[in-house]
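Subject: Structure handover: core, cavity and pocket

Hello,

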Amino acid sequence: MVWMALGCGSTTDEVEAPSPPVFDYPRDEELRLNHLQLKASHNSYHVEKEGNTLNPWKYTHAPLDVQFAEQGVRAIELDLHYETDSDTFRVLHVPTFDDASTCPDFGSCLSVVAAWSSAHPAHHPLIVQLELKATVPDGKHEEYIAKVEAVVASVFPRDRLITPDDVRGDAPTLREAILERGWPTLKESRGKVLFFLDESGDVRDAYTRQLTSLDGRLMFIDSDPEHPFAAVRVLNDSIASREEIEDSVRAGFLVRTRADGDVERQEGQVEAALESGAHIVSTDFPVPVEGGLAAVEIPGGTPSRCNPISAPSECASEDIENPEFMAR
């Protein structure tokens with residue numbers, strides 16, 4: 001069986017599908033996705049453009065598979081810019097001025113993720129955060145959404161994704177499923193990928209059918225706790241939002257925050273991000289860089305760790321990802 005990587009505007013690649021996980025993780029039926037804390041890279045595709053003089057753009061990431069294999073990254077962020085002429089989503093920061101990327105095409109980015117996942121089926125779920133950077137014309141939101149989901153579906157078979165329907169199950173709403181039952185176990189979700197849209201306003205309204213549900217959608221979306229589709233929250237200020245992050249973690253929502261922003265870091269920001277229990281801790285510096293900020297590490301992670309707030313007390317990092325299994 002192969003995954004057919006048919007990215008929008010990209011060539012067809014064949015990616016071997018992961019074998020069913022057969023690794024001995026003794027707590028896989030107990031631990032759930034929200035019991036983890038993992039490292040994410042911010043603008044994961046970004047390459048500093050030659051001649052750049054702006055400090056916020058002074059960082060360069062390794063290719064996505066290198067981040068997974070060597071830097072302990074388990075969540076990535078991709079900015080999507082739709083090009084009408086080519087009917088393609090490009091992955092870059094700012095057109096013309098900051099447009100260097102390790103994978104300029106959305107489909108090619110996802111093919112890299114799929115290939116690494118295929119080669120390492122023991123991984124805990126990978127998380128892909130998407131932002132639609134272009135302004136969506138009035139009346140075109142559903143069309144744009146369909147195009148994004150078409151690229152995702154062309155690379156990842158449905159059974160390799162964690163979707164809102166999977167988590168909701170037979171509950172009346174996604175929110176009720178999260179609060180009453182929780183996220184899938186690691187046994188149910190190893191080797192899979194979870195996508196979420198970091199969007200609000202008109203895009204969120206359209207994607208959630210006017211803030212009612214995510215039924216049938218492939219991706220989660222940034223939500224408020226009272227939304228019926230509440231599952232993933234983006235609370236980027238780990239210091240100012242610390243109490244809200246902790247409350248959300250305790251409730252069962254997945255939370256993304258930042259350990260730094262635009263190559264700057266507040267005093268105590270890394271510590272607040274880690275101690276808050278935010279599940280996805282994003283940084284511009286997943287590894288040491290000469291002249292850059294100190295690298296962000298997940299303490300005791302292999303590379304991820306048991307969440308300091310939500311994980312059971314007997315949880316160990318090796319229960320989440322065992323380096324011995326990952327080396328296979």
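The largest nonpolar core has 73 residues, and Leu78, Phe106, Leu130, Trp183, Phe195 and Phe220 touch the most other members. A nonpolar core here is a set of buried Ala, Val, Leu, Ile, Met, Phe, Trp, Tyr and Cys residues joined through side-chain atoms within 4.5 Å; buried means under 20% relative accessible area with a 1.4 Å probe, protein chains only. Another core lies apart from it, with 7 residues, including Ala259 and Ile298.

This is a predicted model: local features need pLDDT of at least 70 and side-chain atom pairs pLDDT 80 or more, while totals for chains, interfaces and linings use all residues. Residues are numbered from 1 along each chain as its sequence is written, and side-chain values use heavy atoms, without hydrogens and water.

On a 1 Å grid over the protein atoms alone, a cavity is a set of points where a 1.4 Å probe fits but cannot get out; a pocket is an open set with protein on both sides within 12 Å along at least five of seven lines; lining residues have an atom within 4 Å of a point. Volumes are the space filled by probe spheres set on the points, which are joined across faces, edges and corners.

The cavity lining includes Ser41, Glu77, Gln129 and Arg256. By class it has 6 nonpolar, 3 polar and 2 charged residues.

The largest pocket has a volume of about 200 Å³. Of its 17 lining residues, Lys58, Tyr59, Phe285, Val289 and Gly292 lie nearest its centre.

Regards

Definitions and conventions:
Buried < 20%, exposed > 50% of the residue type's maximum accessible area, 1.4 Å probe, protein only. Nonpolar A, V, L, I, M, F, W, Y, C, P; charged D, E, K, R; others polar.
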